[in-house]
Amino acid sequence: MALKSINPTTTQSWLKLKEHFNTINKTHMKSMFAEDVNRANKMSIKWEDFYVDYSKNRISEETLELLIGLAEDIELKEAIEKYFSGDIINETEGRAVSHTALRAPKGSEVIIDGKNVMPKVHRTKAKIKKFTNEVLKGKRKGYTGKNFIDVVNIGIGGSDLGPAMVVDSLTYYGNHLKPHFVSNVDGDHVNEVIKDLNPETTLFVIVSKTFTTQETLSNATTIRNWFLKSATQFDVAHHFVAVSTNIDAVKDFGIDENNIFPMWNWVGGRFSLWSAVGLSISLSVGFDNYNALLEGAHKMDTHFKNTPYNQNIPVILALLSVWYNNFFKAESEAIIPYTQYLNQFATYLQQAIMESNGKTVSRDGSRVNYQTGNLIWGEPGTNSQHAFFQLIHQGSKLIPVDFIGFAEALHGNKDHQDKLMSNFFAQTEALLNGKTKAEVLNEFENSDVSDEKVEQLTPFKVFEGNKPTNTIFINKLTPESLGKLIAMYEHKIFVQGVIWNIYSYDQFGVELGKQLAGKILKEFNLETIDNHDASTAYLIEYYKKLRK
Ligand code: F6P
């Protein structure tokens, strides 16, 4: 059964939140902390190795009650049940949204189209395990009998970003295989990657749910041609494997049937790293670590499904995000991990969040009359502190920030870790408290700066503070904790989509550009081009003259 269509702005809670906003909007978080010594304790959640402190938000206990009321008014509980039980909640594509089934343990049951999908999920996992072990132990070799050294994942969007982010994040747990990712149809990308590779010792994993994506098929073809310069068609079977739902197209490409890893339509591309799309993860960090990633995600699934809203991490984070997006009219959210390993995390979340909730048509087919979606951006701390933090601290825009930190450094350098973590805590404190005029003047006392200069400089040195942050503090970056973290954001996306009354699991917005590109590509070799606006027509003609 499909999700219900409920316009959130017509619910009682929304109307109350609107009124409530007018009072809380004028309150500084500093005074909220001063009034309630237990605030941090009340507004935090300890779960497994996660400690989520959301007390540095512009909310009171009443705000929370109202937000939770909103979750009830839009019937979140029923929606969560449909999400986990294989209902067709991706209604515009007629599909279930069951990436959670991919990490459910053996013996569980998820019925999609009347059939339990768990046996085939675990059969595919067994295939991934066998393949990974054979490659890592050197039982599977290249066409000249050498062990594999490099693995190239060829895919784009969800068939690239998830695996690339996880492989990078888990570099510490990596083995002797060197991972590479080719995604862009820009030929310079693929050529840069292959230029130093040895075809005899490189394994290629072509990942495409549809096996029709221009970028992936172009890159795969270029790589196969490069490979065939030194090997034969027969050797392709040793070096190319594919992950796809489109088995016939994969076979047509020349890939051996045994080297095809299936995935299914009920797994959305941007949520597919838990399927065989994660093959390059398993190869890069070993099957046990890949499995631990899935187990972590499953733990978060269970937490999300079974925990009351006021202790439910993804639900609270989603409600806060709606609070800022729809009441404070904040447009973006920053995600700042305090570990260089999560360098690609924000990029990955950009697809997961923006492709999911960047919609303007509500579930009843009408245009929404409120703001949906979030702009997502971020870079690891402390680098980002020296780049764009100025705007977060003193700019005119309200930007809620998730600070993600890990207590333990993987290489164990305590000196660096203490410096890193002191910054991690300092930033959220600074964003909360800011710096008053009195504090600025106090700092000038005993300095030799003239009174005139002090007066001139003071306004620039004042920080308003009152900037919202969540602190997601985790014991250690492990495959399991990373799995939990990714699943946390996946469920946050789901909750927000349900509240905004949109369909989070289609992506029609990427189609129009693709269609036009197909048309323009043909025109490069035609005498006259078709009807275009004057700007595009001139650009196409200009390119036709310049291209070599
Ligand atoms: O960008 C659109 C999209 O359909 C994504 O949702 C998907 O992750 C990506 O293209 C790649 O698609 P495929 O795995 O079918 O090649």
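The legends below describe close-up views of the ligand and its surroundings in a predicted model. Local features need pLDDT of at least 70, side-chain atom pairs count only at pLDDT 80 or more, and totals for chains, interfaces and linings use all residues. Residues are numbered from 1 along each chain as its sequence is written, and side-chain values use heavy atoms, with hydrogens and water left out.

**View 1. The residues around the ligand.**

View 2. A polar contact here is a pair of N or O atoms within 3.5 Å. A backbone N or O atom of Gly158 lies 2.6 Å from a ligand oxygen atom, and a polar side-chain atom of Ser159 lies 2.6 Å from an oxygen atom of the ligand. For Lys209, a polar backbone atom is 2.8 Å from a ligand oxygen atom. The protein buries 87% of the 400 Å² that the ligand exposes when taken alone (Shrake-Rupley method, 1.4 Å probe).

**View 3. Helices in the pocket lining.** Among the elements that each supply at least two residues of the lining of the largest pocket are α9 (214–228), α15 (345–357) and α21 (511–523) (helices are DSSP runs, H or I, of at least four residues, numbered from the N terminus; a pocket is an open set of points on a 1 Å grid over the protein atoms alone where a 1.4 Å probe fits, with protein on both sides within 12 Å along at least five of seven lines, and lining residues have an atom within 4 Å of a point).

Terms used: A polar contact is a pair of N or O atoms within 3.5 Å; within protein, one must be able to donate a hydrogen and the other to accept it, and residues adjacent in sequence count only if both atoms are side-chain atoms.
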